[in-house]
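Welcome! Please open the structure in your viewer and keep the selection tool at hand.

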Amino acid sequence: QLKQGERCFDESELESVFNHYASLDSENSLHLSKKTLLEAIKQFDLVSQEVTPDDMANRDAVFMQMDLNRDGKIDFEEFKKAVQAPAALDQWFRRLNIDRLLGHAVPRVAGEDALETASKLDARAIEIMVVAISENLKSRLTSEIGQLRTELGKTKTAVKELGLKFQAD
């Protein structure tokens, strides 16, 4: 469920999950450790329910991204911001502009409201629209997935370099 580009979770639900997986530090404040981070965010379907080797490999990068104040711990506010942030997949879907693709497929009649025209479409016109949308969507997806592969390759390289630098520090 999205609200203004953010996932909506009840604050009490967030707090309950956080408190379940958090532990007290030397200053008696609750925080998530790297060890419990993936377990906590799994509760919100932000990662697969089975923690994969890739999840474990990326855990340090996810932890560093969530640790906004760089204190080596995830407090409740950092956890809440991360869980409610738009998911990468949601953001990617928005980049596809599916609404525009659909809007451009509706035939236009000069001087007639577009919704009026759409309400008069028959089965044949709808079939023609579906074919046009399918072809345009296939083309757009092919292009976007190519860009996504390039971006992910760059990100994985940067994360590895950052991880090596972080471990060296």
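What follows is a short tour, one selection at a time.

**Before you start**

This is a predicted model, in which local features need pLDDT of at least 70 and side-chain atom pairs count only at pLDDT 80 or more, while totals for chains, interfaces and linings use all residues. Residues are numbered from 1 along each chain as its sequence is written, and side-chain values use heavy atoms, with hydrogens and water left out.

**Stop 1: the whole chain**

Show the protein as a cartoon. Following the sequence, the pattern reads β-β-α-β-β-α-α-α-α-α-α-α.

Of the 169 residues, 24% are buried. Here buried means under 20% relative accessible area, exposed means over 50%, and partly exposed lies in between (1.4 Å probe, protein chains only).

**Stop 2: the cores**

Which residues have the most contacts inside the largest nonpolar core? Select Leu 32, Ile 41 and Phe 79 to see them; this core has 17 residues. A nonpolar core is a set of buried Ala, Val, Leu, Ile, Met, Phe, Trp, Tyr and Cys residues joined through side-chain atoms within 4.5 Å. Colour helix H1 (11–21), helix H2 (34–42), helix H3 (53–66) and helix H4 (76–84) next, as each supplies at least two residues of this core.

Then select residues 101, 105, 129 and 133: Leu 101, Ala 105, Met 129 and Ile 133 are among the five residues of a second, separate core. In soluble globular proteins, nonpolar side chains tend to be buried together.

Centre on Phe 79. Setting aside neighbours within four places in sequence, Phe 79 has contacts (heavy atoms within 4.5 Å) that include Leu 14, Val 17, Phe 18, Ala 40 and Met 66. Across the protein, among contacts between residues at least 6 apart in sequence, 57% join residues at least 24 apart.

**Stop 3**

Move on to Lys 80, which lies in helix H4. Is Lys 80 buried or exposed? Lys 80 counts as buried, at 16% relative accessibility. Lys 80 forms a salt bridge with Glu 11, with the closest N and O atoms 3.3 Å apart. The pair links distant parts of the chain, since Glu 11 sits in helix H1, 69 residues apart from Lys 80 in helix H4. Glu 11 itself is partly exposed, at 41%. A salt bridge is a side-chain nitrogen of Lys or Arg within 4 Å of a carboxyl oxygen of Asp or Glu.

**Stop 4: two further salt bridges**

The whole structure holds six salt bridges. Select Lys 120 and Glu 112, whose side chains meet in one of 2.7 Å, N to O. Lys 120 is exposed at 52%, whereas Glu 112 is partly exposed at 26%.

Finish with Arg 124 and Glu 127, where the closest N and O atoms of the salt bridge are 3.8 Å apart. The two are separated by about one helical turn because they are three residues apart in helix H8 (residues 123–168). Arg 124 is exposed at 53%, and Glu 127 is partly exposed at 48%.

Note on methods:
Helices (H or I, at least four residues) and strands (E, at least two) are DSSP runs, numbered from the N terminus.
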